[in-house]
Amino acid sequence: MAKPAAPDFHQLESLGEDIKRYVLSILGNDLYPPDPFRYYSGLAYAIRERLIRMWLATQASYYDSMSKRVYYLSMEFLPGRFLMNYITNMGMEDGCRQAAADLGFSLDDLAEEERDAGLGNGGLGRLASCYMDSMATQRIPGYGYGILYDYGLFHQRIVNGWQEEEADNWRRHGSPWVIDRVEHLYEVKFYGRSEAYTDPQGVLRYRWAEADTVMAMPCDILIPGHGGKHVTNMRLWAAASSTGFSLRDFNQGDFLGAMQSKIHSENISKVLYPNDEPIQGKELRLRQQYFLVAATLRDIIRRHKKSGPGFDEFPDQVAIQLNDTHPTIAVAELMRILVDEEFLGWDEAWAICRRTFAYTNHTVLPEALETWPADLLGRVLPRHLEIIAEIDRRFLLEVAAAHPGDQGRQNRLAIIDPASRRVRMAHLAIVGSHKVNGVARLHSDILREKVFPEFDALYPGKFTNVTNGITPRRWLLQANPALSRLITARIGPDWTTDLDRLAELLPLAEDPDFRKDWRAAKRENKKRLARYVLRKSGMGINPDTLFDVQVKRMHEYKRQFLNVLHVVTLYNRLRRDPHLAVPPRTVLIGGKAAPGYFMAKRIIRLITAVAETVNADDAVRSRLRVVFLPNYCVSQAEKVIPAAELSQQISTAGMEASGTGNMKFALNGALTIGTLDGANIEIMEAVGRENIFIFGLTAKEVEATRAAGYDPGRRVAADAELAEALDMIGRGYFTPSEPDLFAPILDNLLRHGDYYLVTADYRACLEAQDAVNALYLDPEAWTAASIRNTANMGFFSSDRAVLEYAKNIWNIEPLGE
Ligand code: 26Q
């Protein structure tokens, strides 16, 4: 008997009709006049329906298996737009292009109607989204868990050169991708007190009394793997007030009080904190963290109980990955559930916890290590503070046993810092996990050797490395159709799920015809970006100039200021010698500053000021342009990165944990100018020293330089170009009406020791830029280097990264076909 045909979930024939039906029935809109947003929505719902069918099929087939699952807990996900990602991963692009055309639209224009889901700040959130894509593609049974913020990361506008923030109400016009599961609400408790009681067997136990409750509603977003056969999901929690609670108050006649508490509870998922380092002691942030953790653990345990086995088998069924310390309260919460609610003994519960959790660290900046005042934590989560104190007490006995009499070591390792009475979340995460990983080799080395050496000595083998990766589907296949077509024409399509195959391009670097095609693809992308910049800012940029790009969050350690110093120096050189033999350049800089980060906002203002001056100067404007790109976000990155030729990755060595933008640029054929920091080192090893521009102090030299008492003044005095650039900035050359605007930046450098060593790396940076100019003047050599960059980026696929996690940390096998 013939096998029944597999169901065709894609059903492309009816797509056009489905879109129209959705415009009418779901959106309640007229088909005329044909408004692109309506048709985008109609198409989105048609895709959503197909996706849900496939998801149900995958859940039914694979997920019936008793395989172990991983739960990726993250306060941030940064998926960006979904439509094109779904379409490419499901292989529906041709069908959708046709359907859109039949309705009088271009698919690309419809896709532009979608708002980004910007539920993250930057690298850490985007990494989580790349890992979702790779888990789905590699059939690693895993789920992402996070928070469905009503407001994502703010929109950045530039007004008179300054950053202004606007609320990102991203779901205002609905979101077809979010599936609300109103029927599966969980209660989450806060406040109240921990109450001791004796159970009928006479055992002393604890329960959480007089707590407030908030409801957590799961909202699912589907994640199709490439090829579309495997669909997983991320589950994001939205807060709702608990009706029981408000009714009680209501019955007592306190209507306004009830409304107040309703608002208080619904605040929890209202807004993403726009900081990419901890804001110390904000109670709402702690409530957000616990909200995610409590709801997620309830869900995990419900699923575990449904599938049968008891708790001793929990770690064989469940792996929980903590994306930085933000969800680390999960360690205390799982202990609370196991001990207080499931009545396991402490030791048994603790063994389960440690086998279940693993922790990824994303930063070594001391000020970015998260701590919470014990008082605050105890007020919001009274029982958890007791549990943390007990974990700490037992842990310190272990430390004392290993190092008798070493009180200093106990104080340094303690989870609750005895001096400040703050809970060190990284210590809790390390003690409560079986593996701790950094995100690039250098970063993991620094964690082991500098940040947590005493933990490493105590737990040999616990610290490990998984170098970050990015998904080639979004960051090459989807974002760069011109280059993807060219690659696929030469080596076939398998690189999209097996990125090492790009190495087959290496010999083509010697082929002049291929180089010509390669340049044509880049030029197409540069033209696309030029159109975008013109549309967004009214400014024309020339695609026949070198596109030099730095896009990332604004931070002193990322040293956008060093980039500016290069620009100002180049400007000075061009003014002195209009015939200088350098290629014309367009410098593009973009990134958001945390709203309260004074210095980062000043640096944005400096960039816009320099841009105004340079772009208005007729003597240089054909040779140098400077653009600040407002509102850098995932969808903008998809346009900027494929057009870049030079990628700036110039952080102070030892400070950028990994970077992932660096990988996206190199994958798209940009050459990197960068320091030996984060994953830049591994990128250099992969692409070859001669295909990257490395400069500056190494992490070890940075440490030694600071230790020796670095004197920026001497350096500036010895370097006339540096002195000139700093002088212009400091004396208001770029803002004549406000000459003191940048005094704080200069003070930081010259009076406060230049902590980020901008002046120390300045000369080396300029020399590296000289090498950039020289190579760019030889287009064939530049193109060959560009091809070699792309060809050698296989290692940086997030497919490789998640498979490493699965093998070395989660102990999970990918599912079979
Ligand atoms: C913590 C507590 C309270 C409020 C905010 C925060 C918070 C939020 C976001 C702290 C840190 C972040 C984000 C950190 C981040 O994005 N780190 C980056 O992670 C990337 C992925 O591993 C790395 O490539 C980057 O090097 C690293 O900077």
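1. The model is predicted. By class, 15 charged residues, eight nonpolar residues and seven polar residues make up the lining of the second largest pocket. The space in this pocket amounts to about 900 Å³. Among the 30 lining residues, R97, D108, Q478, P481 and R528 are the closest to the centre of the pocket.

2. Which helix gives the largest share of this lining? Helix α21 does, with six residues. Other helices that each supply at least two lining residues include α3 (83-89), α4 (93-102), α5 (107-112) and α24 (634-640). Helices α19 (472-478) and α20 (481-491) also each supply at least two.

3. A separate feature to examine is an open sheet of six strands, paired in parallel and arranged in the order β20-β19-β18-β21-β22-β23. Strands β20 (624-629) and β23 (693-694) are its edges, each pairing on one side only. Six bridges join β19 (residues 585-590) to β20 in the parallel sense, and V587 has V626 in β20 as its bridge partner. Helix α23 packs on the sheet, where it touches β19 and β20, and its direction makes about 145 degrees with that of β20.

4. Helix α23 (residues 598-616) also packs with helix α30 (residues 743-750), at an angle of about 115 degrees and with the axes 9 Å apart. The crossing is left-handed. On the α23 side, the contact involves F598, M599, R602, I603 and L606, which meet P744, I745 and N748 of α30. By class, this contact has six nonpolar residues, one polar residue and one charged residue.

How values were computed. Residues numbered from 1 in each chain as written. Predicted model: local features only at pLDDT ≥ 70, side-chain atom pairs only at ≥ 80, totals over all residues. Heavy atoms only, no water. Axes fitted to C-alpha atoms, helices over the stretch in contact; angles between N-to-C directions. Helix = DSSP H or I, 4+ residues; strand = E, 2+ residues; numbered from the N terminus. Left-handed = near helix turned anticlockwise from the far one by under 90°. Contact = heavy atoms within 4.5 Å. Nonpolar A, V, L, I, M, F, W, Y, C, P; charged D, E, K, R; others polar. 1 Å grid on protein atoms, 1.4 Å probe; cavity = no way out; pocket = protein on both sides within 12 Å on 5 of 7 lines; lining within 4 Å. Points joined across faces, edges and corners; volume = space filled by probe spheres on them. Pairing = 2+ DSSP bridges.
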